[in-house]
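Subject: Structure for you to look at

Hello,

I am passing on a structure, with notes on what was found in it. Please read the notes with the structure open.

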Amino acid sequence: MVQAVIWPLNESNTDSSLVLLEFQGNFTSNQDNVQGLKIGDVEFTNNGATLTTGHQKLYGDKVKLPKPIAVIRKRGDEDAMDVDQTQTNIAYDTVTILREKYVFMKRPMLIVQHTQNQQ
């Protein structure tokens, strides 16, 4: 039998601030590997967030989650998985508890820069 221990947030080995961003649509990229790819800059306000990506801005609203979500991370060496060994005790750290998310459901707005004509 496998036993999983989830450490409470105040006893965890992590100190991380995470937010949940929900987009209505998709992003496309010319790159094959998009892991760690920067999609833009996010600015947070009291009631929402703004994502600036390229020449477009997306506005998102802060929404309370119906149920909180716990983000957990496995403790120890994750690469030490061996088929012959069976782990009986697994421990997880609680990274954070998410109680709200930012929902981006409006169409992006185009950023237009005005240039001054020099005479």
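The notes below go from the overall fold to the strand pairing, the salt bridges, one glycine and the pocket.

This is a predicted model, in which local features need pLDDT of at least 70 and side-chain atom pairs count only at pLDDT 80 or more, while totals for chains, interfaces and linings use all residues. Residues are numbered from 1 along each chain as its sequence is written, and side-chain values use heavy atoms, with hydrogens and water left out.

Overall fold

The protein has zero helices and seven strands; here helices (H or I, at least four residues) and strands (E, at least two) are DSSP runs, numbered from the N terminus. Along the sequence the pattern reads β-β-β-β-β-β-β. Of the 119 residues, 16% count as buried, where buried means under 20% relative accessible area, exposed over 50%, and partly exposed in between (1.4 Å probe, protein chains only). Taking contacts between residues at least 6 apart in sequence, 68% join residues at least 24 apart; a contact means heavy atoms within 4.5 Å.

Strand pairing

Strands β3 (residues 41-44) and β4 (residues 48-53) run antiparallel and are joined by four bridges. Two strands are taken to pair if DSSP finds at least two bridges between them. A hairpin of three residues connects β3 to β4, and F44 stands opposite A49 in β4.

Salt bridges

The count comes to five salt bridges, each being a side-chain nitrogen of Lys or Arg within 4 Å of a carboxyl oxygen of Asp or Glu. Three of them are described here.

- E22 and K101 meet through their side chains at 2.7 Å, N to O. E22 lies in strand β2 (residues 20-23) and K101 in strand β6 (residues 89-104), so the pair ties together parts that are 79 residues apart in sequence. E22 is partly exposed at 28% relative accessibility, whereas K101 is buried at 16%.
- D61 and K106 have their closest N and O atoms 3.6 Å apart. D61 belongs to strand β5 (residues 56-74) and K106 to the loop between β6 and β7 (109-110), so this pair ties together parts 45 residues apart in sequence. D61 is partly exposed, at 30%, and K106 is partly exposed, at 44%.
- D93 and R75 have their closest N and O atoms 2.7 Å apart. The pair links D93 in strand β6 with R75 in the loop between β5 and β6, 18 residues apart. D93 is buried, with a relative accessible area of 5%, while R75 is partly exposed, with 26%.

G48

G48 is in strand β4 and counts as buried at 4% relative accessibility. Leaving aside neighbours within four places in sequence, G48 is in contact with E43, G60, D61, K62 and Y102.

Largest pocket

On a 1 Å grid over the protein atoms alone, a pocket is an open set of points where a 1.4 Å probe fits, with protein on both sides within 12 Å along at least five of seven lines; lining residues have an atom within 4 Å of a point. The largest pocket holds about 190 Å³ of space. Its lining has 13 residues, of which Q24, N26, F27, L58 and P108 lie nearest the centre. The lining divides into six nonpolar, five polar and two charged residues.

Regards

Note on methods
Points joined across faces, edges and corners; volume = space filled by probe spheres on them. Nonpolar A, V, L, I, M, F, W, Y, C, P; charged D, E, K, R; others polar.
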